[in-house]
Amino acid sequence: MNRTALLLVGLVSAVASAAEVGAPAPDFTLKDLDGKDVKLSAFKGKTVVLEWFNPECPYVKASHTKGSLKDTAQRAAKKGVVWLAINSGAPGKQGHGVEKNRAGVKAFGLEHPVLLDESGAVGKAYGATNTPHLFVIDPRGTLVYRGAIDNSPDGEGGAAKDGKLVNYVEAALDDLAAGRAVKTPDTKAYGCSVKYGS
Amino acid sequence: MLAALAASACTKDKPPEVPAPAVTAPAAAKDAAGTSREEKPEYVVELLAPEAAPAGAEVAATVHVVAGEGFHLNAEYPMAFTPDEVDGLVFKDKKIPLADAARKTPCKGEPKDACEARAKVPFTADKAAKLSGLVAFSICQPEKCLIEKVKLAVDVPVK
């Protein structure tokens, strides 16, 4: 097999590994900002939200301070939902590092863990392309939503398409809580690109 | 300056070496008639006044954004111009989305990305007045993204 063919095989393999709605969410273990291991499958039986995160991305800042991410995780936590932020930024990229993420936690008043994925392996396994990029996993471990936090791509909630702001994640969580299928399971994420190393 | 920047804005071959941006406090809009501009290493944004027209005639100002070297426009961001309320100027909407109307120029070597956008802002002028407002846009490079809100102002002449 020549080098080009090997590269193509590698590319197909990477795409095929992206998480799909309706399929089991890929398990992972990542360290939080205190160095403690957090394993996704440990939360089986609970609804989990994964939020791709970059504390210095202006879309993340806007959404956490003015837009649809403001206090959303806290509201979800009160209903028993586990919320995990994941930073897949590589060293040297915007928003990378424990201290910058601690500063983000403080600035946004986050009460949930931020997990570090410097290699980008988990981000790529989920097909995370943007910050913020949201994934909702049901108690059985099935991915039931992936996409944007809402339909307002300015991050502030001030540019909702059709004039009505829709928080897709809260809607998905409401559907799950009511025992319904998630009405809108897949949307296009917006925001900064995930600052992968390669 | 703008033409030179536009010509070089889309090159992605070189790794971006952009100085740390001082973007949190947009500079005050220039007060010159005709064109109002803000230039930074990351972008150039301009508001161009229309030619003088009879009072009450529909005219259009132009918003022009050029990404700096290594940056491109974030196509997903709802680029918009929000005019200030000014006596004598009438806009159809309080906030004018520019993304759909904008003519976007692909980046050199990166046809999926746009490095330059130009859009019209139609309005009518009952009398000479100063058109001012906020241009909101987003630019990105592989290392970082920025959301910018720049205040610009131009004199609108009336015949």
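1. Two residues are said to be in contact if their C-beta atoms, placed from the backbone, lie within 7 Å. In that sense Gly120(A), leaving aside its neighbours within four places in sequence, is in contact with Ser88(A), Ala90(A), Tyr196(A) and Gly197(A). Gly120(A) is found in the loop between strand 5 (114-116) and helix 5 (121-126) of chain A, where helices (H or I, at least four residues) and strands (E, at least two) are DSSP runs, numbered from the N terminus.

2. This is a predicted model, in which local features need pLDDT of at least 70 and side-chain atom pairs count only at pLDDT 80 or more, while totals for chains, interfaces and linings use all residues. Residues are numbered from 1 along each chain as its sequence is written, and chains are lettered from A and ligands numbered from 1 in the order in which they are written.

3. Is Gly120(A) exposed, partly exposed or buried? A residue is buried if 20 or more other C-beta atoms lie within 10 Å of its own, exposed if 12 or fewer, and partly exposed in between, with C-beta atoms placed from the backbone. Gly120(A) counts as partly exposed because it has 17 C-beta neighbours inside 10 Å. From C-alpha to C-alpha, Gly120(A) and Ile86(A) are 9.9 Å apart in space, although 34 residues separate them in sequence.

4. Turning to chain A as a whole, its secondary structure comes to six helices and nine strands. Its radius of gyration (taken over C-alpha atoms) is 16 Å, close to the 16 Å that the globule rule (2.2 Å times the number of residues to the power 0.38) gives for 198 residues, so chain A is as compact as a globular protein of that length. Of these 198 residues, 43% count as buried, and residues 24 or more positions apart account for 76% of the contacts in chain A with a separation of 6 or more.

5. In chain A, seven strands form an open sheet in the order 2-1-5-4-3-7-8, with mixed pairing; two strands pair if DSSP finds at least two bridges between them. Strand 2 (37-39) and strand 8 (143-147) of chain A are the edge strands, each pairing on one side only. Within chain A, strand 3 (residues 48-52) and strand 4 (residues 82-87) run parallel and are joined by five bridges, and Val48(A) has Val82(A) as its bridge partner in strand 4 of chain A.

6. Which residues have the most contacts inside the largest nonpolar core? They are Ile86(A), Val136(A), Val169(A) and Val135(B), in a core of 87 residues; such a core is a set of buried Ala, Val, Leu, Ile, Met, Phe, Trp, Tyr and Cys residues joined through C-beta atoms within 7 Å. Not counting residues up to four places away in sequence, Val136(A) touches several residues, including Val49(A), Val144(A) and Val169(A).

7. The contact between the chains takes 13 residues from chain A and nine residues from chain B. On the side of chain A that touches chain B, the largest share, three residues, comes from helix 2 of chain A.

8. In chain B, strand 5 (residues 80-83) and strand 7 (residues 96-97) run antiparallel and are joined by two bridges, with Pro97(B) in strand 7 as the bridge partner of Ala80(B). Four bridges join strand 5 of chain B to strand 10 (residues 129-140) of chain B, also antiparallel.
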